[in-house]
Amino acid sequence: MSSSSSSDDSDEDMILQILINLPRPRLFRDRSNPLQDYDDLDFKLSKETFMILLHMIGDSIKHKTNRSSSLSPVLQLLIALRYYATGAFQMVLGDHIQVHKSTVCRVIKTVSIEITRLRPHFIQFPSSVAEQQKVQLGFFRLHQFPRVIGALDCSHIRIQSPKSDIGEQFRNPKFENNEFGNSYLLGDGGYPCRNYLLTPLLNPRTDAERKYQKAQIGSRNVVERLFGVLKRRFPVLAVGVRTKLSTTMATIVATAVLYNFLLKEKDEIPPEFDNHVIDIELLQEIPTLPIHQLGNAERSHLINTVFS
């Protein structure tokens, strides 16, 4: 009797120990279908445009496993888009659809990299003569400034501080490119005047100089306005990017790709985003840097021949 009881107790202890050591059962959470739950206003882009983008990168972000808990391409793309549209912490985004923040981080990186692969289709500088002439005509129609193929400016994006020995590589750099014949780039007073890069005058005095100034600033306005609208549509660029450097770089390029993709698809920017208009009169007195201006002669020639 005593021996039997001891054996039973031993068996119960063994069963209890086995149960304690068993892994916790996995919890498969019910995730809503955002395509049904939200309208176009919630999406910040049309569902039709979303599906086009999903078709372009869906196969690349699809998990190779058939595990029921893996995130679908739809949810992965929505996570990334929500991150671009809010700049929220990964934990907050994960709580919204009940996934761990580490998963959100991986998704943002994966989706951003795949969107950047679309860059050759949506971010291009006019290379052929025909393309350059088309762009020049577009700029000329704005304020009658001739031979312009681009406007450039700097826009600060806060990122996680990289290693100290490479930090300077990520401070707003100047851009110079002299490979397009007699075409012009337009920049503000923070850039040096060059034969190919024309900047505002420090103190326009004559009628011709004032006409040049107004045309230069008005034509250059497009890039300053673009940065404002870009950061309004993708606030992550305004509030700061808090990811590893490789993911941060992919995020910045991905938002630029998306911006041009949405333009191509004629996906209208919501009215509250399209209010960054710069008054030309407020920009009349932007100073030119007191450095050696190699393009002063070219600028003076243009003023005297075109704007006089």
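Contact here means heavy atoms within 4.5 Å.

## The model

This is a predicted model: local features need pLDDT of at least 70, side-chain atom pairs count only at pLDDT 80 or more, and totals for chains, interfaces and linings use all residues. Residues are numbered from 1 along each chain as its sequence is written, and side-chain values use heavy atoms, with hydrogens and water left out.

The chain has 13 helices and three strands. Both are DSSP runs numbered from the N terminus: helices are H or I with at least four residues, strands E with at least two. Of the 308 residues in the chain, 39% are buried. Buried means under 20% relative accessible area, exposed over 50%, and partly exposed in between (1.4 Å probe, protein chains only). Among contacts between residues at least 6 apart in sequence, 71% join residues at least 24 apart.

## Ser183

Ser183 lies in the loop between β1 (148-151) and β2 (184-186). Its relative accessibility is 6%, so Ser183 counts as buried.

Setting aside neighbours within four places in sequence, Ser183 is in contact with Gln132, Gln136, Arg147, Ile149 and Tyr196. With Gln136 there is a side-chain to side-chain polar contact at 3.0 Å. A polar contact is a pair of N or O atoms within 3.5 Å; within protein, one must be able to donate a hydrogen and the other to accept it, and residues adjacent in sequence count only if both atoms are side-chain atoms. Gln133 is 50 residues from Ser183 along the chain, and their C-alpha atoms are separated by 9.4 Å.

## Helix α4 with α5

Helix α4 (residues 47-61) packs with helix α5 (residues 73-86) at about 115°, with axes 9 Å apart. Axes are lines fitted to C-alpha atoms, for helices over the stretch in contact, and angles run from 0 to 180 degrees between N-to-C directions. The two helices are therefore roughly perpendicular. Angles of 65 to 115 degrees count as such, under 35 as roughly parallel, over 145 as roughly antiparallel, and the rest as oblique.

From α4 come Phe50, Leu53, Leu54, Ile57, Gly58 and Ile61; from α5 come Pro73, Val74, Gln76, Leu77, Leu78 and Leu81. Ten of these contact residues are nonpolar, two polar and none charged.

## Helix α4 with α7

The axes of α4 and helix α7 (residues 101-116) come within 10 Å and cross at roughly 125°. This pair is therefore oblique. Ile57, Ser60 and Ile61 of α4 meet Thr110, Val111, Glu114 and Ile115 of α7. Four residues of this contact are nonpolar, two polar and one charged.

Conventions. Nonpolar A, V, L, I, M, F, W, Y, C, P; charged D, E, K, R; others polar.
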